[in-house]
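Trainee: Could you walk me through this model, starting with the ligand and then going on to the sheets?

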Amino acid sequence: MLPFARVTVVGLGLIGSSIARAVRATMPTVRVTGYDADPATRLEADALGFLDDVADTPGAAVIDADLVLLCVPVGAMGEAAASIAEDLPTDAIVSDVGGCKVSVAAAIRAAVPDATLVPGHPVAGTEHSGPAAGFATLFQGRWCILTPDGDTDPAAVMRVSAFWERMGAQVEIMDAAHHDLVLAVTSHVPHLIAYSIVGTASDLEEVTRGEVIKYSAGGFRDFTRIAASDPTMWRDVFLNNRAAVLEILQRLQEDVTMLQRAIRWGDGDALFDLFTRTRAIRRSIIEQGQDDARADFGRAHP
Ligand SMILES: NC(=O)C1=CN([C@@H]2O[C@H](COP(=O)(O)OP(=O)(O)OC[C@H]3O[C@@H](n4cnc5c(N)ncnc54)[C@H](O)[C@@H]3O)[C@@H](O)[C@H]2O)C=CC1
Ligand SMILES: O=C(O)C(=O)Cc1ccc(O)cc1
């Protein structure tokens with residue numbers, strides 16, 4: 001039996017449009033309605049044809065939904081939830097896909113205090129955004145982390161889990177604060193490092209931009225992919241996962257200082273030991289089958 005019959009996606013970008021496509025591919029009898037605050041995006045989504053209906057207002061989009069998925073930037077979650085509050089059916093489940101969970105759950109909860117809320121985060125994505133960038137297989141073999149609070153109806157959590165599993169994801173239930181710390185280490189700070197190194201390279205006066213592009217082989221090229229990620233989305237992630245990101249950045253700074261000392265004092269053993277340890281981590285990721293040509297990010301254990 002299907003967990004939901006009428007799903008509404010609010011925010012029709014990379015993730016929202018991928019969910020709509022994945023539902024069509026894996027649960028073809030489920031009706032998917034979409035809404036986006038940007039009229040041009042609504043038109044584009046309609047033309048791409050991955051929805052059964054494109055609504056003109058948020059209220060019309062949710063009026064008979066049994067699952068509403070908020071797929072907007074983290075900083076817009078409260079506003080998006082408020083826009084559906086009046087028309088949300090009392091028995092509908094509200095979920096989201098935001099990359100940080102504590103602040104997002106609080107913003108949604110404040111806007112729809114009586115709704116059944118099952119916050120989520122599919123740990124799957126790309127550096128692209130918008131409705132044309134989505135694809136039906138995005139969540140296959142990837143983790144989706146759900147962060148319900150202790151009071152949430154377990155049946156609602158099970159239905160949202162079943163929904164993600166149908167789309168090929170593997171579900172993990174986690175405390176929201178723990179999610180935010182884990183993702184700060186594995187996703188948020190790595191993105192910050194990429195934004196930072198690509199910015200530094202392009203600012204260097206003695207190296208022309210032309211040379212940066214011409215000689216961007218290997219590692220630097222990988223950083224430029226990450227640093228091409230959506231500016232609105234990532235600004236919001238950093239502003240909404242402040243404490244965890246700052247804690248991990250502090251640790252990183254200490255570790256970089258240690259490397260700086262090792263280089264200054266010619267301590268080759270310290271460098272060699274660290275590089276040996278990090279190589280083993282990469283190898284264990286590959287052995288566990290988490291590597292992927294598209295992106296290494298968030299592949300579920302087999
Ligand atoms: N991009 C990625 O790789 C991943 C993103 N996420 C999360 O998914 C969410 C969406 O990200 P993307 O799909 O990549 O962004 P996107 O930029 O492709 O799409 C976001 C859409 O939300 C719309 N929007 C903004 N405010 C709105 C509002 N108040 N009401 C209705 N629509 C509104 C925008 O017009 C845009 O079309 C973010 O919270 C992000 O943290 C989660 C996993 C991966
Ligand atoms: O493209 C990549 O490498 C990513 O890291 C994708 C991604 C971006 C944001 C998320 O919250 C989850 C996954």
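Trainee: Where does ligand 1 lie, and why there?

Mentor: The shell around ligand 1 takes residues from both domain 1 (6-174) and domain 2 (178-265), so the ligand lies between them; the domain bounds come from an automatic or database domain assignment. Keep in mind that this is a predicted model, in which local features need pLDDT of at least 70 and side-chain atom pairs count only at pLDDT 80 or more, while totals for chains, interfaces and linings use all residues. Residues are numbered from 1 along each chain as its sequence is written, and chains are lettered from A and ligands numbered from 1 in the order in which they are written.

Trainee: OK, how many residues surround ligand 1, and which are the closest?

Mentor: There are 31 residues around ligand 1, and Gly11, Gly13, Gly99, Gly125 and Ser129 are the closest, where a residue counts as near if its C-beta atom, placed from the backbone, lies within 6 Å of the molecule.

Trainee: And which helices and strands supply at least two residues of that shell?

Mentor: Helix H1 (14-26), helix H4 (77-84), strand E7 (120-122) and helix H10 (231-240) each do, with helices (H or I, at least four residues) and strands (E, at least two) being DSSP runs numbered from the N terminus.

Trainee: What does the shell look like by class?

Mentor: It has 15 nonpolar, 12 polar and four charged residues, with Ala, Val, Leu, Ile, Met, Phe, Trp, Tyr, Cys and Pro counted as nonpolar, Asp, Glu, Lys and Arg as charged, and the others, Gly among them, as polar.

Trainee: Back to the domains, how far apart are their C-alpha centres?

Mentor: The C-alpha centres of domain 1 and domain 2 are 29 Å apart, and the contact between them takes 15 residues from domain 1 and 17 residues from domain 2, two residues being in contact if their C-beta atoms, placed from the backbone, lie within 7 Å. On the domain 1 side, helix H5 (residues 102-111) gives the most, with three residues.

Trainee: Switching to the sheets, what is the strand order in the one with six strands?

Mentor: That open sheet runs E3-E2-E1-E4-E5-E6 with parallel pairing, and two strands pair if DSSP finds at least two bridges between them. Strand E3 (53-54) and strand E6 (116-118) stand at the edges with a single partner strand each, so one side of each has no neighbour in the sheet.

Trainee: Which residue stands opposite Ile93?

Mentor: Thr116 in E6 stands opposite Ile93, and strand E5 (residues 93-96) pairs with E6 in the parallel sense over three bridges.

Trainee: What about the sheet of three strands?

Mentor: The order in that open sheet is E7-E8-E9, and its pairing is mixed: three bridges join E7 to E8, which run antiparallel, whereas four bridges join strand E8 (residues 143-146) to strand E9 (residues 170-173), which run parallel. From E8 the chain crosses through helix H6 (residues 154-166) to E9 in a right-handed β-α-β crossover, meaning that, with the strands pointing away from the viewer, the path from the first strand over the helix to the second runs clockwise.

Trainee: Which residues are bridge partners there?

Mentor: Cys144 has Val171 in E9 as its bridge partner, and the partner of His121 in E8 is Ile145.
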